[in-house]
Amino acid sequence: MPSNQIAIRADTVVRRFGDLSAVDGVSLEVKAGEIYGFLGPNGAGKSTLTRILCTLLTPSSGHATVAGYDVESQPGEVRLRAGVALQEAALDDKQTGSEMLPLQGRFYGLSAKATKARVDQLTELVDIGAALDRRIGTYSGGMKRRLDLALALVHDPEVLFLDEPTTGLDPVSRAKVWQEVGRLNQELGMTVFLTTQYLEEADELADRVGIINKGRLVAEGTPAQLKRTIGTDVVVVSVAGDPATAARALESLELVERIETNGPSLTLSVSDGPSSISPIAVALAQAPDVEVIELSLRRPSLDDVFLSVTGEHISDSSAFMASASAPQSTKELQ
């Protein structure tokens with residue numbers, strides 16, 4: 001698919017469960033070759049929209065296309081062109097990886113020869129290693145995730161849907177999945193729709209990010225653009241001596257927009273953090289009876305953006321507790 005084409009389009013998509021609108025009029029576009037990070041707290045509608053785009057749920061209203069095909073009227077065409085790895089890997093613990101991969105190829109109508117060639121490619125592209133010949137029940141969580149990713153890639157899809165692919169993985173396994181997703185995108189030009197609760201994951205991988213809250217898309221843009229909407233950089237200074245004297249020494253600096261004092265610490269709002277460090281340090285060095293103990297720069301993060309548009313941090317324990325205590329019948333709303 002040419003890079004100027006739209007790989008995924010949602011047009012005012014709504015999905016209701018009774019009186020609850022899990023997805024409430026979401027519109028978005030993902031260009032071919034993009035990695036699109038989709039963020040939101042539990043229950044926000046991330047997985048529901050993903051399932052609609054993957055043809056596993058039908059929208060209550062609105063329209064969506066994947067690779068140019070309508071998800072409701074042409075689900076077969078969408079499935080031929082989309083690879084899907086959902087939150088829980090659909091793996092048979094009694095089979096081996098080397099049994100499941102060829103079987104997946106045959107499900108998609110590939111010949112035995114084409115399937116073997118594709119499996120050979122995937123064993124190099126996705127780091128599965130010698131575990132291929134072991135029963136899947138013996139795999140670690142990270143190995144199961146990588147095998148599930150390989151299964152989603154057997155038919156060489158144009159679009160890859162990953163629904164929280166690294167949830168529950170240790171940092172090493174998570175980093176490997178990140179590396180593999182980045183390589184798929186860069187080397188094969190594959191479009192990736194990635195839902196995640198790890199902000200650093202979206203920041204590291206995504207070309208653009210959409211944030212959904214209570215079923216609605218509330219923010220969208222590149223990670224850098226979204227961070228800039230929050231405002232200034234922040235320089236935090238801890239001093240020994242009189243903080244008021246330190247504050248007066250900094251008031252004359254044009255690059256300092258605001259100063260807040262909290263005990264021995266000063267929080268400075270600045271428009272350009274990196275270029276402000278040196279003038280701030282010089283001004284404090286010239287202030288009488290002031291010694292700088294620590295000076296650090298903090299730039300706006302995606303968590304700041306998330307807090308600004310949703311009113312909560314994405315890692316708030318309340319969101320996870322609400323999800324964990326939800327009845328079984330509502331889990332598909334997450």
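**Sheet, helix and domains in a predicted model**

Me: Which strands does helix 1 lie across, and at about what angle does it run to strand 1?
Reply: Helix 1 covers residues 46–53 and lies across strand 1, strand 2 and strand 4. Helices (H or I, at least four residues) and strands (E, at least two) are DSSP runs numbered from the N terminus, contact means heavy atoms within 4.5 Å, and angles, from 0 to 180 degrees, are taken between N-to-C directions of axes fitted to C-alpha atoms, for helices over the stretch in contact. The angle to strand 1 is about 120°.

Me: How reliable must a residue be to count here?
Reply: This is a predicted model, in which local features need pLDDT of at least 70 and side-chain atom pairs pLDDT 80 or more, while totals for chains, interfaces and linings use all residues. Residues are numbered from 1 along each chain as its sequence is written, and side-chain values use heavy atoms, leaving out hydrogens and water.

Me: In what order do the 4 strands of the open sheet stand?
Reply: The pairing is antiparallel, where two strands pair if DSSP finds at least two bridges between them. Strand 2 (20–31) and strand 5 (69–70) are the edge strands, each pairing on one side only. The order is 2-1-4-5.

Me: Which residue of strand 4 is the bridge partner of Arg 9?
Reply: Strand 1 (residues 6–17) and strand 4 (residues 61–66) run antiparallel and are joined by 5 bridges. The partner of Arg 9 is Thr 65.

Me: What distance separates the centres of domain 1 and domain 2?
Reply: Domain 1 spans 6–227 and domain 2 spans 230–299, with bounds from an automatic or database domain assignment. Taken over C-alpha atoms, the separation of their centres is 45 Å.
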